[in-house]
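This briefing concerns the structure displayed below. Please keep it in view while going through the points that follow.

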Protein chains: 2
Amino acid sequence: MSRFAWKVIKKLKNKNIKLGIISTPHGDIETPAFIFCATKGALKSFSTEDAKKNNTQIILSNTYHLMLQPGSSLIAKHGGLHKFIGWEGPMLTDSGGFQIFSLGYGSVADEIKGRKSNSKIKKTLLNINEEGAIFKSYIDGSNLLLSPEKSINIQRNLGADLIVVFDECTPFNVDKDYTYNSMLRSHKWAIRSINAFNSKLKYNPKEGSAGPQEIYGIVQGGIYKGMREESIDFNLNKINTFGIAIGGSLGSNKEEMQEVVSFTASKLNNDRPVHLLGIGDPIDIWTFVEQGIDTFDCVSPTRLARHGSALVKGRNGKINLKNSKYKNILKPIDDRCLCYTCKNFTLSYLFHLFASKELLALQLLTNHNVFFMNDLMKTIRDSIKEDNYEYKKKEWIES
Amino acid sequence: MSRFAWKVIKKLKNKNIKLGIISTPHGDIETPAFIFCATKGALKSFSTEDAKKNNTQIILSNTYHLMLQPGSSLIAKHGGLHKFIGWEGPMLTDSGGFQIFSLGYGSVADEIKGRKSNSKIKKTLLNINEEGAIFKSYIDGSNLLLSPEKSINIQRNLGADLIVVFDECTPFNVDKDYTYNSMLRSHKWAIRSINAFNSKLKYNPKEGSAGPQEIYGIVQGGIYKGMREESIDFNLNKINTFGIAIGGSLGSNKEEMQEVVSFTASKLNNDRPVHLLGIGDPIDIWTFVEQGIDTFDCVSPTRLARHGSALVKGRNGKINLKNSKYKNILKPIDDRCLCYTCKNFTLSYLFHLFASKELLALQLLTNHNVFFMNDLMKTIRDSIKEDNYEYKKKEWIES
């Protein structure tokens, strides 16, 4: 008997804003929720113990990075990622597709967020064919294949609660035909992923497992509504997954991104939780919660912290603690914030830590940003419960 | 009424090994104790909250670094270092002398540990005279004077419980005459330091204070027993301090260092706690506890952690977690260790974090090393209480 469940607790009248619970063997996730990125099995400058203490519900790790180092069978020998990294709560792993194609094309991460990048990242993607994607390991230079079956087997070994079908993350600057063919291939890969997931044979239990898992499909189709509809139909009616993620290119600017997400999310039922990949800006989160998104993930809260930026309420959304204007400010980042960092340290101290290149700066600021994101999601959930969503959103944004 | 006190609880028969308590307004320190270095107001990759959780009794910060950045008056405006850095326990500040002369000569830190160094550190010491030392700020290149009065005023502003007289940290490779004249100057500086400490006028209460403080004298005299005796007499009979530190050059090798410390400590009464500057090797600590040392400080436990070394019991004393032999080891650093890191993570995971350049590696390893040092000191104290010092020492070293 699976201990997985998705339940919509409340939906605002005439709106797509909803409160839900994703149940997993490692605990419940109250939605809307934010998923923090422990890409290589660590939240960079932050322990899983501190993540828990700061109300984190769920973290994700990365098939692509972990298959290269330390390898998924070593993690399986530990009894799965949960034990390897010391995290007892719910976890998700992505399929590795995003990273292969992102690192492969060198700039897809920027493109799907609508930025045109001149990234000089060395391209490691060697070939895509029906079987899968062949790429060069950034660890030892060897050529590797990642296929739907391999991705799922790796995710089985890693043992996260929630896993994702293997897809091609189509870049923005390809033509409509490429996007369509890529979508069709990703659909075939989704079927193979689910077959692998359902097949006991594909999974070697000797390598260890963290227990039962559930799988997410991914809606493709780029910025083309017709294709999005076709992919939604595929995901809702042709395959049976626990959840659905909105993937592929979301366009070249924020308006296009909102249109793609809004259109796609509105066509999805409420019978599966909906994940939006790679979004972490607080104002975007308010926007996409309104469009029916249940979970988000992004590296931004922890990455911004490492670069010296503290998340704050309001339209600007962040302040840069390396700015010398904070040198003599004897107040915390936000005197209403209840995080460890704000309760104990001034902007002046945090500025000093960055000026002195003390690693503690990164940890304290990550602490604030993690607490902040979890507090944002709780504010959103409470406002749905208390029927004052618009008021709370205004209060947050105009803070 | 001062809340400071030094009490010898127990002294082993026919030995200089003793158990004591240093009471301060911020709490008691059970001795023998280890003092961790929060040089610039942070334990590098470790929070004061975690230091507390790992049984840390006392930390120290650095007059020299903090006067340059962020400046002691800014810290005074916070109400002192305790509030600035979020540490409620006992604290010590050094006088800045060691750093000025260490950075000034470029290699004194190595020399007093008996290593001959070819350090290429840029020399910043410009001039030493009766007034004090003139040096170049490494922050903005300005020329600054540090005198006994300035050092004490800065330490008043910083507000640590225990502060130290300003001295010249005489390098090893100077001649006997230089050492003698340097000692005499340091004695004069000690008198001026104590006068400044006792003078209310020198201290501007408007700049803030963390409350009452006590001061340590420093025994000089290099490797020369006659000079050591003269400096001991000066410290015991000519000035009145709360504690005594053993400073100056301790020789060019470990045997010489032990002889200097043993000779010096044996001449000191038990009426003041005795601090040995800059020693952190566990086997050295057992040795020097036997010679009558009550407190130690060293950057090594936290620095070793940042370089990938975990402290372990036994003669070798440490293991390097970056060594690929740990890649597949599913056991913790020490399966008897009760620290957070050992209770939750394998050598394999820690190796993975270093291989992946995850900052969490430094934090988790610092956690182990801080716990380890505090556990070492507790083992020593318990063995004194339980009259099984030699047995426990053998058990530790042959572990």
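What follows covers domains, the chain interface and backbone geometry.

This is a predicted model, in which local features need pLDDT of at least 70 and side-chain atom pairs count only at pLDDT 80 or more, while totals for chains, interfaces and linings use all residues. Residues are numbered from 1 along each chain as its sequence is written, and chains are lettered from A and ligands numbered from 1 in the order in which they are written.

**Domains of chain A**

- Chain A is assigned domain 1 (61-298) and domain 2 (309-397), with bounds that come from an automatic or database domain assignment.
- The C-alpha centres of domain 1 and domain 2 of chain A are 30 Å apart.
- Between these domains of chain A, 6 residues of domain 1 are in contact with 6 residues of domain 2, contact meaning that the C-beta atoms of two residues, placed from the backbone, lie within 7 Å.
- On the side of domain 1 of chain A that touches domain 2 of chain A, there are 5 nonpolar, no polar and 1 charged residues; here Ala, Val, Leu, Ile, Met, Phe, Trp, Tyr, Cys and Pro count as nonpolar, Asp, Glu, Lys and Arg as charged, and the others, Gly among them, as polar.

**Interface between chains A and B**

- Chain A has 35 residues in contact with 35 residues of chain B.
- Elements giving two or more residues to the side of chain A that touches chain B include helix 3 (72-77), helix 14 (347-355) and helix 15 (360-385) of chain A, where helices (H or I, at least four residues) and strands (E, at least two) are DSSP runs numbered from the N terminus.
- Helix 14 of chain A supplies the largest share of that side, 5 residues.
- By class, the side of chain A that touches chain B consists of 16 nonpolar, 13 polar and 6 charged residues.

**Backbone geometry**

- Most residues other than glycine have a negative phi, and most peptide bonds are trans.
- In chain A, a cis peptide bond with omega of about 5° joins A:Gln69 and A:Pro70, and A:Pro70 lies in the loop between helix 2 (63-68) and helix 3 of chain A.
- In chain B, a cis peptide bond with omega of about 10° joins B:Gln69 and B:Pro70, with B:Pro70 in the loop between helix 2 (63-68) and helix 3 (72-77) of chain B.
- A:Asn14, a residue other than glycine, has a positive phi near 60° and is placed in the loop between strand 1 (5-11) and strand 2 (18-24) of chain A.
- A:Asn14 counts as exposed because it has 6 C-beta neighbours inside 10 Å; a residue is buried if 20 or more other C-beta atoms, placed from the backbone, lie within 10 Å of its own, exposed if 12 or fewer, and partly exposed in between.
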